[in-house]
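I opened the model to look up charges, rings, surface and backbone in turn. My entries follow the order of the look-ups.

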Amino acid sequence: MGKDYWGIGPTWDVTPLLKAECYGIINLNDPSVFLGPRIKYQLITDLDIGAGYQIFEGGSKSEYGSLQNIGFAQVQWYFGKS
């Protein structure tokens with residue numbers, strides 16, 4: 001496990017309902033890299049859907065290098081007192 005990292009997480013509002021995000025982390029000791037692009041869409045008020053992909057790169061003995069890339073789908077429902 002490393003202790004020195006550099007990260008970035010820009011987001012873009014493509015439209016008022018569609019957001020693109022991309023998170024990245026670099027382990028400065030290995031070096032190994034995590035990259036996580038995704039998109040989110042506000043389907044209705046308080047309900048978002050999204051999809052993304054997690055990319056891991058590095059040597060076989062690095063922190064992120066031994067992990068498998070994976071895609072995902074996501075549903076977020078926001079509820080509570082208003």
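Predicted model: local features only at pLDDT ≥ 70, side-chain atom pairs only at ≥ 80, totals over all residues.

**Entry 1: a buried lysine**

I began with K40, which is buried (under 20% relative accessible area, against over 50% for exposed and partly exposed in between, with a 1.4 Å probe and protein chains only).

Residues are numbered from 1 along each chain as its sequence is written, and side-chain values use heavy atoms, with hydrogens and water left out.

I placed K40 in strand β4, residues 32-44; strands (E, at least two residues) are DSSP runs, numbered from the N terminus. I then listed the contacts of K40 (heavy atoms within 4.5 Å), leaving aside neighbours within four places in sequence. They are L17, L18, K19, E21, D48, I49, G50, Q76 and Y78.

**Entry 2: the salt bridge**

How many salt bridges does a search of the whole structure find? I found one. The side chains of R38 and E21 form a salt bridge, at 2.5 Å from N to O. R38 sits in strand β4 and E21 in strand β3, so I logged a link between distant parts of the chain, 17 residues apart. I checked burial next: R38 and E21 are both buried.

**Entry 3: aromatic rings**

I searched the whole structure for aromatic pairs and got four. Rings of Phe, Tyr and Trp (its six-membered ring) pair if their centres lie within 6.5 Å; planes under 30 degrees apart count as stacked, over 60 as edge-to-face and the rest as tilted.

F34 and Y64 make a tilted pair, with 6.5 Å from centre to centre and 45 degrees between the planes. F34 is in strand β4 and Y64 in the loop between β5 (47-57) and β6 (70-77), so this pair ties together parts 30 residues apart in sequence. I found both F34 and Y64 buried.

For W77 and F79 I read 4.7 Å between ring centres and 35 degrees between planes, so this pair is tilted. W77 and F79 are both exposed. I also noted a cluster in which ring pairs link F34, F56 and Y64.

F79 lies in the segment after β6 and has a relative accessible area of 67%. From C-alpha to C-alpha, F79 is 9.2 Å from L47, although the two are 32 residues apart in sequence.

**Entry 4: a nonpolar patch**

Which residues form a nonpolar patch on the surface? I listed L17, Y41, L43, I44, I49 and V75, with about 540 Å² of accessible area together. Areas come from the Shrake-Rupley method with a 1.4 Å probe, and for residues only the protein chains shown count as cover. Patch members have over 30% relative accessible area and no salt bridge; nonpolar side chains (Val, Leu, Ile, Met, Phe, Trp, Tyr) are joined within 5 Å, like charges within 9 Å.

Strand β4 gives the most to the nonpolar patch, three residues. I looked up L17 as well: L17 is in the loop between β2 (11-13) and β3 (18-27). L17 counts as partly exposed, at 38% relative accessibility.

**Entry 5: backbone and loops**

I checked the peptide bonds and noted a cis one between D30 and P31, with omega about -5 degrees. P31 is in the loop between β3 and β4.

D46 has a phi near 70 degrees, a positive value in a residue other than glycine. I found D46 in the loop between β4 and β5, partly exposed at 40% relative accessible area.

K61 is in the loop between β5 and β6 and is exposed, at 84% relative accessibility. I read 9.6 Å from C-alpha to C-alpha between K61 and S32, which are 29 residues apart in sequence.

G71 is partly exposed, at 42%. Leaving aside neighbours within four places in sequence, I found G71 in contact with G52 and Y53. G71 and K81 are ten residues apart in sequence and 33 Å apart in space, C-alpha to C-alpha.

Technical notes. Helix = DSSP H or I, 4+ residues; strand = E, 2+ residues; numbered from the N terminus. Lys, Arg positive; Asp, Glu negative; His and termini not counted. Salt bridge = Lys/Arg side-chain N within 4 Å of Asp/Glu carboxyl O.
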